[in-house]
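Have the coordinates open in your viewer while you read.

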Amino acid sequence: MSNDPSHSRMGRSVEAFERAFLDNLYYARGTTPQSASDLDVYQTLSLTVRDYLMERRRKTTEAHFAANPKFVYYLSAEYLLGRQLTQNMLYTGTWDLATQVAARSGLRLQDFVHLDHEPGLGNGGLGRLAACFLDSLATLDIPAVGYGIRYEYGIFEQAFQDGWQVESPDTWLYYGTPWEFAQPDDMVEISFGGHTERYIDEQDRQRVRWLPDETVMGEPNYMLVPGYETETVNILRLWRARATREFDFQLFDKGDYERAVEQKVYSENITKVLYPNDTTTQGKELRLRQQYFFVAASLRDIIRRFRFRNTDWTSFPDKVAIQLNDTHPVIGIPELMRILVDEEGLDWGVAWEITGRSFAYTCHTLMPEALEEWPVSLFERLLPRHLEIIYAINAAFLNEVAAAFPGEAGRIAAMSIIREGSERRVRMAHLATVGSFSVNGVAALQSRLLAEFTLRDFAGLWPEKFNNKTNGVTPRRFMRLGNPRLCALIDDKLGPGWLNDLERLRDLEAFVNDPDFRAAWREIKQQNKAELAALIKRYSGIEVDTNSIFDVMVKRLHEYKRQLLKALHIITLYQRIKADPTIDIPARTFIFGAKAAPGYKMAKLIIKLINNIAKVVNDDPDVAGRLKVVFIPNFNVSKGERIYPGADISEQISMAGKEASGTGNMKFALNGALTVGTLDGANVEIRELVGAENFYLFGLTTEEVMALKASGYNPLEYYSANAELKRAIDAIAAGAFSNGNRELFQPIVASLLTRDDFLLLADYTDYVRASEQAAHDYYVDPEGWTRMSILNSARCGFFSSDRSMRQYCEEIWQVEPVRV
């Protein structure tokens, strides 16, 4: 048999790829070229590409086993991975091979890419960040495993009916997915409920055992996480809930069919849906079940992997770094203590030393309501042993606080893991801070505010724990896959390799005054805008002018992100045109994309308002093409890949002090969009890097926000003082965007005029100024605009997730790469 790799099943010739494809078509899909459906072709192509990754995975596993390195274990309740086929063809270098094989059969590769249903295992930036981090860890050759939940139904599919958001299930698993490997032989048992009992062990020590009254099985399914231009392939391990008892034959035989499968349904509900509505008692319980289920299963797996090559528990922190991605996995701290003390028999002090050196915590918010708390009563019922352990951790911790700050009872109450009151609650962020050796924020401003305000007392006690690790994004997906034309231009100027060394984008500054380069840059932007216009037409049915400014705001819908401020600006422009139809206003297309949590009524009402504004503006002949408003439904990673490259203006307008970091701001800037934004989150660092002259700043600073609120903010003062603002709000109140219905948007009007929690009215005037300046500059000085666009891309190489991961590896986890 030939040793020529081009003739092997994983060879690099078109013939080898075609042979592998046909093998999978016959032996994996069980069909033939003559009878294959489009789905058969997609699944077979995916399996073939996956085979190329699996060979690298084999080598990675062998290298890791031989090296016995320290591993990073990344625990996250969310992962927004994006489509896998296009990424994995890029990472395996099989895109051209697949294209040629498809062409031999008269097929177009792109006709099958859209069948790749992206897993909706998250609802926003938290999940997409986790996916970027796993991508970078593999690219950097860091031994790592991601852990999460295999939600059967991920984030909902969004559609609009009469302007209202309508949710339907995300059926990403309806036809199965070719990208996962089920491993039922590695199932672990997870317990809930019951009670605890004390006993004396054979060494005459007082011990505690947990006697649960319910168990479910956790089945791991893993997906491959390849690095770019490296042999490393790590894994993402997602847990599926399975019943310990699938079927009660006796009940079925008696005709009680529902109860016969009741236990199976109840158990498997744990991983049925991403983030159940937790406004109900049942929803709260299911959410805590989800969190404990995946964390407990993951810790079992981490320990199993540790024991492959290690036996000494004291070496556990030298081989294991567990990163808690926000508060969702924090229950892992008492769970590891339970395993070490109750099951392994370690003394409490030894176990606490191991635990405290193993966990690190990332806090992604400054909003108190986003720092999870659970009722003590729920813990008592669901996780009684863990509550006992939390009480013990808290008692020791409060003794330390009392010793450090004698006589400060108020500080002790503020720092306690247990919030006292009519309903006692477990503060998960406090537990995370106490039980972790590192606490990091995700942007310079947020990290400072975290230490100065949100967790101030903890930072005072343990200043060495607190640090900043500014977020980043993977340029492979959000530049190479999303903006191939721009990447080709950059390749031409910088040569290969810059995608894995994004700071090299700085070298583009040498071409900023080259008229040919600027012309090529503008032409690429226009081509990207044409692609975005086609996407808008496809999903919204609206035709837009690619010569207009594409002013874009795509992100999760939340009041603090202030999509409503953008809506007020649009109303103002519309009213200016209505007052004087001959007015010279720069042509703009305002592009929104956002999902609102199903139970978040105000956010859903804001979506309805924006859609109604769009209908009024788009249908009015007086506007004459100067303004268009579109709301792209079902914003996700794949749509983002098309949207970011086509944007001229990036709207990053959250109230200062509220956004942890943001990553959309980075994706826009790297693709040459100019930011209109506040000094919030990573906007601060973007502005510092690109230069104040290349950033349209507006709004109050964090300190000014705090001062204004402390002085007694009255939104009516701003409403009365600005005639255009008053007219915009009055139009909403009068039913101008609701067919005369004055009641529909009354909650929005009342919120603005009585509370305005996020200071839209205070920032309105300056926001309109900055937005109009950006629009003016775009049309009056296109060469200057292009120069600013180039500099935004050139100076944002810092925001690669590779840089973020290097900092975590060197400054938190103390892990080294293992070359495969």
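This is a predicted model: local features need pLDDT of at least 70, side-chain atom pairs count only at pLDDT 80 or more; totals for chains, interfaces and linings use all residues.

## The parallel sheet

Let's start with the strands. Six of them make up an open sheet with parallel pairing, and the order across it is β22-β21-β20-β23-β24-β25. The edges are β22 (627-631) and β25 (696-697), each of which pairs on one side only. In general, strands in a sheet pair through backbone hydrogen bonds, in either a parallel or an antiparallel way.

For a look inside the sheet, go to β20 (residues 549-554) and β23 (residues 649-652), which pair in the parallel sense over two bridges. There you'll find D551 of β20 standing opposite I649 in β23. There's also a helix lying across part of the sheet: α33 (residues 782-794) lies across β23, β24 (674-677) and β25, and it runs at about 85° to β24.

## A helix tucked away

Next up is α25 (residues 637-646). Nine of its ten residues are buried, so this helix is largely enclosed by the rest of the structure. The buried set is V637, S638, K639, G640, E641, I643, Y644, P645 and G646. Notice that the set takes in K639 and E641 along with I643 and Y644.

What do the buried residues of α25 pack against? Their partners are β2 (79-80), α6 (125-139), α20 (475-481), α22 (515-540), β20 and α26 (664-670). That list brings back β20, a strand of the six-stranded sheet. At the start of α25, N636 has a side-chain oxygen that reaches to within 3.3 Å of the backbone nitrogen of S638.

## Salt bridges

If you're thinking about charged pairs, a search of the whole structure turns up 65 salt bridges. Take R58 and E55, whose closest N and O atoms are 2.5 Å apart. Both sit in helix α2 (residues 38-67), and because they are three residues apart, about one helical turn separates them. As a general point, an α-helix has 3.6 residues a turn, so residues three or four places apart point the same way. Is this pair buried or partly exposed? R58 counts as partly exposed at 38% relative accessibility, and E55 is partly exposed too, at 31%.

R304 and D301 form another salt bridge, with 2.8 Å between the closest N and O atoms. They lie three residues apart in helix α10 (residues 281-306), about one turn of the helix. Salt bridges with shared partners tie D186, R237, D301 and R304 together in one network.

One more example is the salt bridge between the side chains of R411 and E408, at 2.8 Å from N to O. E408 is partly exposed, with a relative accessible area of 32%.

## Two helices crossing

Last stop: α18 (residues 444-454) and α28 (residues 702-710). Their axes come within 12 Å and cross at roughly 40°, which means α18 is oblique to α28. On the α18 side, the contact is made by L445, R448, L449 and F453. The α28 side supplies T702, E703 and M706.

Note on methods
Residues are numbered from 1 along each chain as its sequence is written. Side-chain values use heavy atoms; hydrogens and water are left out. Two strands pair if DSSP finds at least two bridges between them. Helices (H or I, at least four residues) and strands (E, at least two) are DSSP runs, numbered from the N terminus. Contact means heavy atoms within 4.5 Å. Axes are lines fitted to C-alpha atoms, for helices over the stretch in contact, and angles run from 0 to 180 degrees between N-to-C directions. Buried means under 20% relative accessible area, exposed over 50%, partly exposed in between (1.4 Å probe, protein chains only). A polar contact is a pair of N or O atoms within 3.5 Å; within protein, one must be able to donate a hydrogen and the other to accept it, and residues adjacent in sequence count only if both atoms are side-chain atoms. A salt bridge is a side-chain nitrogen of Lys or Arg within 4 Å of a carboxyl oxygen of Asp or Glu. Angles under 35 degrees count as roughly parallel, over 145 as roughly antiparallel, 65 to 115 as roughly perpendicular and the rest as oblique.
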